[in-house]
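I opened my notebook to work through one protein chain, a bit at a time. Here is what I wanted to look at.

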Amino acid sequence: MRWSKIKNIIILLLVIVNGFLLALVGLRAWQTEQGERETRERMIGILANNGIEFLPQEVPGELKLPSWQVEVETPDEAQAVWLVGELRSVESVGGRTTYTGERGAASFSSDGGVQAEFPSNAWPCDRERITATAAEMLNALSVPSVQETGRREEDNAVTVTYTQLWEGEPVFDRTLVLRWEDGSIRSLNGSCLLGGGEAQTGGETITSSTALARFLTALNDGGYVCSQITDVYAGYTSGGTGTVNLTPAWLIGTDVWPRQFVVDGVTGTVTAAE
């Protein structure tokens, strides 16, 4: 009987201790979040004091993206034939292979570079079919996923910019530019990542508040001027050939040239991007 009571008391004490520890963890998490919220609010004030209006609804928090290592693949001959038609020549120089066919020429590089030029009417399509035709091209090249991030309309020409997505997040420096002119696709140029990747664990990343502070310093040091921040969101930058490293980063959009700045999520280095 006594042992039964002692056992119940021990169990009750353990429950109380566990409850106390959970409450302590919850309190620390709340304090951390509260501190980060105050930091974000102070950052908006600092930007305002420097004449910069912060337009997004809120400052994002942590950069919760893993780094990646990607083994880059290039389109094969069958994919090139689909793009440029029956081949007339194949030439490889260094890490670049150029396929010339009846419908134009396409070059693919080991770093993911793509350069394709087509004569008039090689890829005919109506203006309303540009997006669908571009999707067919990118699917044929096994480009995993893209989002349209720019479009310029002229009388007889349309230029569309696509940014590649990796695991649903944009890779800021991997873009493809498609040009349509006088009723047909005339070119597809830029770079993209084909192939599989492996997520990397570990490594600390900077918060968006720290990224904004680094951006403000770079703005002053570089002599740039802006009056508004229009976007702040997470994504990746890439580097390397053959095996490419994807590094988490912040993109900060502004209202004037060069409009976009990329802040490396690990080193905090700021790069102006068109």
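My entries follow, one topic at a time.

**Ground rules**

I am looking at a predicted model, where local features need pLDDT of at least 70 and side-chain atom pairs count only at pLDDT 80 or more, while totals for chains, interfaces and linings use all residues. Residues are numbered from 1 along each chain as its sequence is written, and side-chain values use heavy atoms, with hydrogens and water left out.

**Overview**

I looked up the secondary structure and got four helices and 15 strands. Here helices (H or I, at least four residues) and strands (E, at least two) are DSSP runs, numbered from the N terminus. Next I checked burial: of the 274 residues, 35% count as buried. Buried means under 20% relative accessible area, exposed means over 50%, and partly exposed is in between, with a 1.4 Å probe and protein chains only.

I also looked at contacts, meaning heavy atoms within 4.5 Å. Among contacts with a separation of 6 or more, 55% come from residues 24 or more positions apart.

**Helices α2 and α3**

Two packed helices are described by the angle between their axes and the distance between the axes. I picked α2 (residues 77–84) and α3 (residues 130–140), which pack at an angle of about 160 degrees with their axes 9 Å apart. That makes α2 roughly antiparallel to α3. For the angle, axes are lines fitted to C-alpha atoms, for helices over the stretch in contact, and angles run from 0 to 180 degrees between N-to-C directions. Angles under 35 degrees count as roughly parallel, over 145 as roughly antiparallel, 65 to 115 as roughly perpendicular and the rest as oblique.

I noted that the crossing of α2 and α3 is left-handed; that is the word if the near helix is turned anticlockwise from the far one by less than a right angle, and clockwise would be right-handed.

Which residues of α2 and α3 meet? I found Q79, W82 and L83 on the α2 side and E136, M137 and A140 on the α3 side. By class, this contact has four nonpolar, one polar and one charged residues. Ala, Val, Leu, Ile, Met, Phe, Trp, Tyr, Cys and Pro count as nonpolar, Asp, Glu, Lys and Arg as charged, and the others, Gly among them, as polar.

**Salt bridges**

Side chains of opposite charge can pair when their charged atoms come close. I used this rule: a salt bridge is a side-chain nitrogen of Lys or Arg within 4 Å of a carboxyl oxygen of Asp or Glu. By that rule I get seven salt bridges.

- E136 turns up again here, paired with R129 at 3.3 Å, N to O. E136 is partly exposed at 35% relative accessibility, and R129 is partly exposed at 40%.
- R152 and E154 meet at 3.6 Å, N to O. R152 counts as partly exposed at 48%, and E154 does at 35%.
- R179 and E181 meet at 3.5 Å, N to O. R179 is partly exposed at 25%, and E181 is partly exposed at 26%.
- I also found a network of salt bridges that links R127, E148, R151 and E153.

The peptide bond from W257 to P258 is cis, with omega near 0 degrees. Where is P258? I found P258 in the loop between β13 (243–254) and β14 (260–264). R259 is also in the loop between β13 and β14. R259 is not a glycine, yet its phi is positive, about 75 degrees. I put R259 down as partly exposed, at 48%.

N121 has a positive phi too, about 70 degrees, although it is not a glycine. I located N121 in the loop between β6 (113–117) and α3. N121 counts as exposed, at 54% relative accessibility.

**Two residues up close**

T149 lies in strand β7 (residues 146–153) and is partly exposed at 43%. Leaving aside neighbours within four places in sequence, T149 is in contact with T161, Y162 and T163. I also checked V160: its C-alpha atom and that of T149 are separated by 7.8 Å, and the two residues are eleven apart along the chain.

My last stop was S208. Is S208 buried or exposed? S208 is buried, with a relative accessible area of 1%. S208 lies in helix α4 (residues 208–222). Not counting residues up to four places away in sequence, S208 touches V59, P60, G61, V232 and W250.
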